[in-house]
Amino acid sequence: MGCETCTNGKNGQPAGCKNNGTCSSGGCSKLAVFDWLANMDLPGQIAPFEYVEIRFKNTRKEFFRNSEKLSLNPGDAVIVECSPGYDVGIVAAAGELARLQMQKKNATKNTRDLKRILRKANTAELEIWREARAQEHDTMLKARGITSSLKLEMKIGDVEYQGDKSKAIFYYTAEGRVDFRELIRKLADTFRVRIEMRQIGARQEAGRLGGIGSCGRELCCSTWLTDFRSVSTSAARYQQLALNTQKLAGQCGKLKCCLNYELDSYLDALKHFPKNHAKIKTKKGSAVHIKTDIFKGILWYVYEEGGANSPVPLTIERTKEIISMNDKGQLVDDLKDFNDYVEPLVEAYARVDAQDSLSRFDEKKGKRRNKKRKPDGNRPQRSAPQGAAPGGERNIQIAREPRKDGAPPRNQNRRKSGRNPNKPRITGENPSGPPQAKSVQAPGAGGENKGNRPPRSGKGPRRKPRNKDQGNDV
């Protein structure tokens, strides 16, 4: 957020850009000012501007008089007057840019109010300053504990030590008046420094703490916004925003400052709309205004009776024409006769985010099936078997022989089993007659004893498998 918060590294070194707030652009500091007049030379016999803008922790900036005529550039650490002791600050703007900043902030060049710049800070003074910055967070937490023990309705948001560690400024927010005299005594006894209490608002607290807004960027109050204008709900009404406090409120709990950014554009556009356009009269009945497209200049009306599902868009000119006719006592036949608005054609586009699902890598892939590859033109095809037709299909004449038991002939070209043809085959028992001894069928003897097998049914018990160690019965 700021260069001061980057000093949380080891041995007092910055943890961020490694420049400790002395970067040339100043982009890492809060309320940084880019010196766009640095390359411009002053005309002859004109002395440089005497006053310099110095920034301190977070958003605090003050003007000091360069009475010693020091050569100062943005980013230089200087020692300035303070009561009591001295303080360490960083040069934010010098020369003609500081003159413009004073004119913008209406700062008076009173020598009694503006203090002087003493000198540039040396290494020892910068080391004390870094040690003081390292103690600020712990001091804030201890001060909050003391505040809660005293049951004070206030919140300490930030603590800032002076450069010489002789004074500490406690920034707090409170809804009403707070009697913190007892708190100051306890803080002085605990930290052994001079105590100063400064009350700030909720917007100033958010600017000092910093953060990320709903737009995804850093808060405006901590980066570039210097003045806090009042924001009311009328700004949201003019921009036709829903009055939802959770969406319109910022991190400070107040209405967002960005509601005022485009308010002037909306007010200029609303000047062209008719003032009394809430209701218009026709022969079909009264029509009520329901919606306005400010930048397109379209007003939408619906009939009070039976027209809720068919809104009619009217331009600003047509609406003014109908209102002027109503003022004269004339009624139009139908609003659709005055509808000159043509809806613009929207080109269809393919949504890139809808092409692929984000969870496509989380799904488990199924097992791949080994599909047989079809022969293509680049791969040589196998030769067709003997007797195959020209189209690739087999045209084989299967010889069939009649069976002895009168059954229809069976296919002799059926698929061969893996049984050894030379191995003797055991036939089953005949269930219709008396038990007979098992006979051995010689190989190649045909199927005479095929009918001796027991019938197989879907619900009947299956034949027990033969044990491998058991020999064949003869």
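Modeller: A salt bridge here is a side-chain nitrogen of Lys or Arg within 4 Å of a carboxyl oxygen of Asp or Glu. By this rule the count is 26 salt bridges. This is a predicted model: local features need pLDDT of at least 70, side-chain atom pairs count only at pLDDT 80 or more, and totals for chains, interfaces and linings use all residues. Residues are numbered from 1 along each chain as its sequence is written, and side-chain values use heavy atoms, with hydrogens and water left out.

Start with the network. Salt bridges link K57, R60, E62, D87, R133, E136, D158, E160 and R208. Side chains of opposite charge can pair when their charged atoms come close. The side chain of R60 meets that of E62 in a salt bridge, 3.1 Å from N to O. R60 also meets E160, at 2.7 Å from N to O. Strands (E, at least two residues) and helices (H or I, at least four) are DSSP runs, numbered from the N terminus.

E160 and R60 are both buried. R60 has 12% relative accessibility, so it falls in the buried class. E62 is at 30%, so it counts as partly exposed.

R133 has a relative accessible area of 10%, so it is buried. E136 is buried too, at 5%.

β1 is mostly covered, with 5 of its 5 residues buried. Y51, E53 and R55 lie on one side and V52 and I54 on the other, and both faces are covered. Strands pair if DSSP finds at least two bridges between them. β1 and β2 pair in the antiparallel sense over 5 bridges. In that pairing, E53 stands opposite F63 of β2. The β1-β2 hairpin has 5 residues between its strands, and N58 takes a positive phi near 60° there. β1 also runs antiparallel to strand β4 (residues 86-93), joined by 3 bridges. E53 has A93 opposite in β4.

Next, a network member and a ring. A charge sits over a ring if NZ of Lys or CZ of Arg is within 6 Å of the ring centre and within 35 degrees of the ring normal. R208 lies over the face of Y171, at 3.8 Å from the ring centre. Elsewhere, the charged end of K291 sits over the ring of W300, 4.7 Å from the centre.

Rings also pair with each other. Rings of Phe, Tyr and Trp (its six-membered ring) pair if their centres lie within 6.5 Å; planes under 30 degrees apart count as stacked, over 60 as edge-to-face, and the rest as tilted. The whole structure holds 6 aromatic pairs. One of them is F170 with F191, a tilted pair at 6.3 Å centre to centre and 40° between the planes. F170 belongs to strand β7 (residues 167-173) and F191 to helix α4 (residues 181-191), so this pair links distant parts of the chain, 21 residues apart. F170 is buried, at 0% relative accessibility. F191 is buried as well, at 14%. Y172 and F180 have ring centres 5.6 Å apart and planes at 65°, so they form an edge-to-face pair. Y172 is buried, at 6%.

β9 joins strand β10 (residues 285-293) over 4 bridges, antiparallel. K279 has V288 as its bridge partner in β10.

Notes
Buried means under 20% relative accessible area, exposed over 50%, partly exposed in between (1.4 Å probe, protein chains only).
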